[in-house]
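Notebook open, structure loaded. I jotted these entries down as I went from one spot to the next.

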Amino acid sequence: MPFVGKNISMKSRLPTVLLVAVLSVLLLVTPTSHSQGPRDVEQRINALLAQMTLEEKLGQLQQLDGEGNGSFRPEHVELVRKGLLGSTLNVRGAQRTNQLQRVAMNESRLKIPVLFGFDTIHGYRTIFPIPLGEASSWDPSLAERSAAVAAQEANNVGLRWTFAPMVDIARDPRWGRITEGAGEDPFLGAAFARARVRGFQGNDYGAADKILACAKHFAAYGAAEGGRDYNTTDLSENTLREIYLPPFKAAVEAGVGTLMSSFNAINGVPASANAFTLTKVLRDEWKFDGFVVSDYTSVRELINHGIAANEEEAAAAALNAGVDMEMVSRSYNQFGPQLLKQNKLSNATIDEAVRRILRIKFRLGLFDRPYTDEAREPTSLLRPDSIRLAREIAGRSMVLLKNDRETLPLNKNVGSIAVIGPLADDRRAPLGWWAGDGKEENTIAPLAGIKAKVTPQTKVGYAKGCDVVGDSTAGFQEAVALAKTSDVAIVFVGEIHDMVGEAASRATLDLPGRQMELVQAIHATGKPTVVVLVNGRPLSVRWIVNNVPAIFESWMGGTQSGHAIADILFGDVNPGGKLPVTVPRAVGQVPIYYNHMNTGRPPEAQNRYTSKYYDLPWTPLFPFGYGLSYTRFKISNLQLSAPRIGAGGKLTVTVEVENTGRRAGDEVVQLYIRDLVATMTRPVKELKGFQRVSLQPGEKRRVEFVLGSEHLGFWNREMRYVVEPGEFSVMVGANSVDVLEAKFNVN
Ligand code: BGC
């Protein structure tokens, strides 16, 4: 008789009821709670594995690229029909994905659904600021919300997987992909990694408005020598564990379903064949049970790295190290069978990779809900609430760098404005690199944003002046004439979208082309001048910082960039963003980052034999964590809950922050620590807490941080994470330089 419960007395039912309740709660709180229990899933995987041929198994490990227009290729249909293709990238559109999925579900022997992936990095159609910009908000909840919109839009066009978040730490602004991550700091990076994973996946990445996330690029891709993309990295295990790995660990802890192995080699071992990162750290230490996809042809590229003589060896090296799915190159499929025969690959290794991929497909609910509702697609993109959010996030991501004599905000009734520069009327640059399916026609350029903002009486003139790339100054005269006849000049300079992102490393950090001369020419008119930077990496704009009274960093602000810029220029939004990266004075200072180690000879201005430069100060143009507001804040009264704590103890740190100006605004209160004496050299500062607080004029608030062993320890010489006894400094302030300081001891 089936269990119905009605014959059981309430008393005897209680434990069962409790057990069911506890189990349901447990299921609900697991990062990815799925329609099927884990045991069901493993059983279904076993059943499938028992039926699969070797070719079908290898087919699950293969991902292939679609056509440039988002369509699948004729070959994909054949492969899917035979059960030989596990996943595609770039194929999108509900109709198309359904069409290919129907082949899998109706015509293939085992009916294993295809997994459709795409780089939905900072939005699908509604584009949000580049991730570096979004990190400047120092508000991870915004990244969670933008990722949720990206997921909702992507899901509706048939996608189930994004190759995001990109969580690479980048200490080198020459590296174009600095634009895709959260900057230079592991603590901030981990917070954004968690938030983005939560935003894309929610509690159940099988839900109709969610997608599977992929933390990439594992690992240390951002440490590329010389900032040159794809280049090798050479770094200690301490640096790997303390700087580059924390955002990945945070993503795994937040339940990320997949990781992508990177292009670079780490200390001589390519990341896509690196058993240390892929198996020891990821599987054994972090207990990750999702799957790893290679980066684009990075398996075949093991030949170029010189650790495989041919594709056969490349396949063995990658699969044995822990890369489960191969993107675009086909080494696993071509050489799997013979590697198996030669005992260079085991059945168990192949089965494990297949198991990990099928597990995620089950968790996605793909077997039960393989299709996308085509009717939903048209209404799901660019929803009014998504656009509103894009404007809000863009406004909160921009950073005021300089504002002498309160040049900003401008009066909406200013009289006449000269809008100048190659990026003033550009709708492509704000979308940045990896702009999903974002479109220029849906994007607001700064010029349009300004026109929409000012009063009807205000005259807005526009002159391009010059291009971002190129040598012509033919447009200068018109721009100068316009500035001369206007009350104020706003100059938009920076980078075009493809100067940043993948394969866009730069050997200088100067403004490209003749843009600096354009700024100089406009400034020479004597008109009040504002420079707005539109760019995807820190730029060494020393002359502008020394001469122009007002500068603000708009990054590449997405679909609503122009409106968000105007909101700030005219004071409807008070800027509160802070730099998530150090801005160098010149490229020769790179690498320059705030959490560096001390030397035996720390820099001293008057002492030649100390660690600095002959021709430039050692300090950056703008420090990490820096950013201004239209109001003023005072941070005071730093207090610690105790002068000493035990190694496993907690310390509460409080400060007061007060808005002492006349406008409502946001301050980002930042907490740094320094382990003053340890068995290894420790960074001069490490971010361990931050809070963005909104305050009305005159309002004062207490901000509290709790420090514990997860903040105070480090990886020691024996590669153990330890909190060492001794004295620590704790610093709290509005950026990484202007801080209050107190000391405490760990026993
Ligand atoms: C990039 C990845 C991206 C992949 C698929 C590669 O070239 O490095 O970040 O996810 O292409 O588009």
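The backbone nitrogen of Val737 is 2.7 Å from a polar side-chain atom of Asn735.

Before going on, I noted that this is a predicted model, where local features need pLDDT of at least 70 and side-chain atom pairs count only at pLDDT 80 or more, while totals for chains, interfaces and linings use all residues. Residues are numbered from 1 along each chain as its sequence is written, and side-chain values use heavy atoms, with hydrogens and water left out.

I placed Asn735 in the loop between strand 25 (726-733) and strand 26 (739-746); strands are DSSP runs of E, at least two residues, and helices are runs of H or I, at least four, numbered from the N terminus. Is Asn735 buried or exposed? Its relative accessible area is 5%, so Asn735 is buried (buried is under 20%, exposed over 50%, partly exposed in between; 1.4 Å probe, protein chains only). Leaving aside neighbours within four places in sequence, I found Asn735 in contact (heavy atoms within 4.5 Å) with Phe624, Gly625, Tyr626, Gln670 and Tyr672.

**Asp209**

Next I looked up Asp209, in the loop between helix 8 (186-201) and strand 5 (214-218). Asp209 counts as partly exposed because its relative accessibility is 37%. Its C-alpha atom is 5.9 Å from that of Asn155, 54 residues away along the chain. Not counting residues up to four places away in sequence, Asp209 touches Ala148, Ala151, Gln152 and Asn155.

**Ligand**

Then I turned to the ligand, which 13 residues surround, the closest being Asp119, Arg177, Lys216, His217 and Asp295 (a residue is near if one of its heavy atoms lies within 4 Å). I checked polar side-chain atoms against ligand oxygens: Asp119 comes to 2.5 Å and His217 to 2.6 Å. For Asp295, a side-chain N or O atom is 2.6 Å from a ligand oxygen.

**Core**

Last, I looked at the largest nonpolar core, of 103 residues, where Trp161, Phe218, Val256 and Leu259 have the most contacts; such a core is a set of buried Ala, Val, Leu, Ile, Met, Phe, Trp, Tyr and Cys residues joined through side-chain atoms within 4.5 Å. Helix 15 (residues 347-363) gives the most to this core, with 7 residues.

Conventions:
Polar contact = N/O pair within 3.5 Å; in protein donor to acceptor, adjacent residues only side chain to side chain.
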